Amino acid sequence: DIDGQVDFGAGGLTGIGTFFGQTGSFDGSRRRIISGDFDVSNNGHGIDSIQLTGRIAWEHVPAERALRGFFVSGSILKSTVQQELAGSVDKASLSAGGYFVAEVADDLYLDGFVSLGVGRNRLALNDDVLDIAGRYTTRSVIVGGDLSGVIARDSFEIRPELSVAYGLTDIG
């Protein structure tokens, strides 16, 4: 499925949206999920940008009350500026990781994740006075988890959550 919108006007062109697809086994124990989003713009005043992000995940249900998954995702960005300050920004990134969700007791859930990523970035902007250029690589790791629950009442639910996450990014 693709969902989005495109607008044409005196200010230029913009288009944003998402995409999603899923396939799975007949018994429901395995599935593959593809998702992402896109953003395209031309503001009519010298700034153009296109960004695409996508992710594919493989999930498996090893037990009745548990799910585990692995994913690979990527993102690209290309932006150009043609004004007093002119140039471009290019970014590309790739990440991979895993996650799990388990119902450890009735209405009590434990989940966790880990993600490793790498990105490549390039910036080049200049005018009559300034000339800015740089390339750098980023590396990141993110790990986290939470414990959550559901406390059902007659006309409402309370959903408490205890969550922790840690991330580290090296900018080279």
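Colleague: What order do the elements of the chain run in, from the N terminus on?

Modeller: From the N terminus on, the elements run β-β-β-β-β-β-β-β-β-β-β, and the chain comes to zero helices and eleven strands, where helices (H or I, at least four residues) and strands (E, at least two) are DSSP runs numbered from the N terminus. This is a predicted model, in which local features need pLDDT of at least 70 and side-chain atom pairs count only at pLDDT 80 or more, while totals for chains, interfaces and linings use all residues. Residues are numbered from 1 along each chain as its sequence is written, and side-chain values use heavy atoms, with hydrogens and water left out.

Colleague: Why is the pair of D106 and R65 called a salt bridge?

Modeller: The term requires a side-chain nitrogen of Lys or Arg within 4 Å of a carboxyl oxygen of Asp or Glu. The closest N and O atoms of D106 and R65 are 2.5 Å apart, and the pair is counted as a salt bridge. This pair links distant parts of the chain, with D106 in the loop between β6 (86-105) and β7 (108-126) and R65 in the loop between β4 (47-63) and β5 (66-82), 41 residues apart. R65, E103 and D106 are also linked in a network of salt bridges, and the structure holds seven salt bridges.

Colleague: Why is D106 called exposed, and why is R65 called partly exposed?

Modeller: Buried means under 20% relative accessible area, exposed over 50%, and partly exposed in between (1.4 Å probe, protein chains only). D106 has 62%, so it counts as exposed, whereas R65, with 35%, is partly exposed.

Colleague: How do you know that D90 is buried?

Modeller: D90 has a relative accessible area of 18%, so it falls in the buried class. D90 forms a salt bridge with K78, the closest N and O atoms being 3.2 Å apart; D90 lies in strand β6 and K78 in strand β5, twelve residues apart. K78 itself is partly exposed, at 39%.
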